[in-house]
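Hello,

Here is the structure I promised to pass on. Please open it alongside this note; what I found follows below.

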Amino acid sequence: MQQSSHQASFQQALSPKASIQALLAPLNRLDRRLQQTVEIARILSGTAFDGYLLGGTDIIPSPSAAIDADDPLGRVQKAFGLSEFEVGVLILAIAPELDRRYERLYAHLQSEDIRRPTVGLSQELLCHSDRERQAGRDRFTPKAPLLRYGLIQLKDHACATRCSFKLNPMVMRFLLGQPMTPQLSVHCRLSWPTDTAHVTNSPLLPGLLNRLRSGSVPGALALNFTGTGAKEQGARAIAATTQQPFLSVNLNQLFQASGVSKPEVTHRAKQILLQAQLWNAVLYLESDLFPELQRRWLPSAIGQKGLEQIAITTFLGQVADYAGITIFTGKAPSVPMANEGKGIVTIPFTQKTADTSYNYWQACLEAAQSTLNETDLFRKKVLNTSLEFT
């Protein structure tokens with residue numbers, strides 16, 4: 001009952017009505033900042049006079065001040081490690097999506113007819129000193145979270161401060177409590193599992209669930225489900241145990257729909273990872289090619305590959321950056337390989353556990369236990385190393 005209540009409140013907090021309500025206070029603070037900036041511009045142009053020049057105007061709190069951690073903005077801030085300035089950038093970007101009058105205000109405050117917020121406008125509205133403005137400018141570099149994770153889309157301009165930006169549609173839908181885009185929902189299913197029932201055909205899984213309940217494993221966890229059996233049921237039990245959403249991705253459908261071109265696969269991979277990061281979801285990746293590739297994490301062991309295999313390894317190169325729980329699996333049966341890739345815990349499944357020798361299961365358990373105890377391996381550097389050739 002406690003888990004159901006938790007998940008119900010989680011979904012309710014991210015419903016369209018609650019999401020819009022959560023944006024009202026930040027937008028109200030943005031309105032006050034905009035009004036003050038317009039008044040200052042009128043004063044400087046000589047068309048108005050205000051007590052501001054006499055020091056009578058208080059500093060208005062930042063639009064991103066006092067964001068509730070359970071609100072969509074707060075969840076995005078935590079998921080991507082955003083600063084207060086970066087959250088303010090998201091508020092600037094989403095405002096025109098809710099009310100087109102913001103476009104006219106932005107255009108009025110910028111010398112050119114730019115109806116989207118720019119780097120310069122964000123500095124003017126969100127910063128109070130030259131030091132803060134420089135720090136804000138650094139938040140628009142490729143390695144900073146806003147662009148690294150694709151939260152915003154930056155439009156090039158000859159002048160850096162004139163670069164306009166808009167919100168990534170996926171981020172906007174999340175902040176507004178809307179479902180995934182149709183293009184993504186074809187390949188992905190987002191759900192909230194509640195059943196933590198014991199999965200009988202994987203002797204290692206109950207121990208992993210117990211460690212997850214106690215919080216004794218790191219958040220960045222890579223699992224390789226091998227063999228046959230109720231693997232999705234086991235993955236859903238992990239999501240229910242950690243009280244996280246469950247994002248299932250059918251990579252076979254993904255590659256058939258998008259072709260096998262590396263740019264398209266990379267684009268789709270970034271979309272899926274962004275969706276998983278937004279929801280802090282357990283990421284369940286399913287492909288018929290995983291049984292073949294699971295023995296070949298190291299580039300020296302990979303020989304000639306078909307186009308779909310190249311797509312798979314390209315996708316894995318993107319997945320290595322995911323900081324949550326990732327589960328790799330395939331529908332086809334395979335011989336369980338006991339933790340051949342360091343940093344990836346192999347969880348074997350079988351339809352007939354009685355036919356599997358005790359020594360084999362004991363070896364798998366020891367390999368998994370060794371990896372779980374070495375938390376630094378969960379950085380998944382092995383994936384980054386093994387997939388550089390893509």
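**Aromatic pairs and cores**

F85, F140 and F165 make up one aromatic cluster. Bear in mind that this is a predicted model.

The aromatic pairs come to eight in number. In one of them, the ring centres of F85 and F140 are 6.2 Å apart and the planes stand at 85°, so this pair is edge-to-face. F85 belongs to helix 4, while F140 sits in the loop between helix 7 and helix 8, so the pair ties together parts 55 residues apart in sequence. F85 has 13% relative accessibility and counts as buried. F140, at 7%, counts as buried too.

W192 and W279 also form an edge-to-face pair, with 5.6 Å from centre to centre and 80° between the planes. This pair links distant parts of the chain, 87 residues apart. W192 is in the loop between strand 3 and helix 11, and W279 is in helix 14. Is each one buried or partly exposed? W192 is partly exposed, at 23%. W279 counts as buried, at 11%.

Now the cores. The largest nonpolar core has 66 residues. Those touching the most other members are L30, L90, L167, L247, I272, L283 and F315. Helix 4 gives this core its largest share, nine residues. Apart from it lies another core of 21 residues, including L205 and F225.

Last, the whole chain. It has 390 residues, and 48% of them count as buried. There are 18 helices and eight strands. The chain exposes about 18600 Å², with 51% supplied by carbon and sulfur atoms.

Best wishes

Methods
Residues numbered from 1 in each chain as written. Predicted model: local features only at pLDDT ≥ 70, side-chain atom pairs only at ≥ 80, totals over all residues. Heavy atoms only, no water. Helix = DSSP H or I, 4+ residues; strand = E, 2+ residues; numbered from the N terminus. Buried < 20%, exposed > 50% of the residue type's maximum accessible area, 1.4 Å probe, protein only. Areas by Shrake-Rupley, 256 points an atom, 1.4 Å probe, with all protein chains shown as cover. Core = buried A, V, L, I, M, F, W, Y, C linked by side-chain atoms within 4.5 Å. Phe/Tyr/Trp six-rings, centres within 6.5 Å; stacked < 30°, edge-to-face > 60°.
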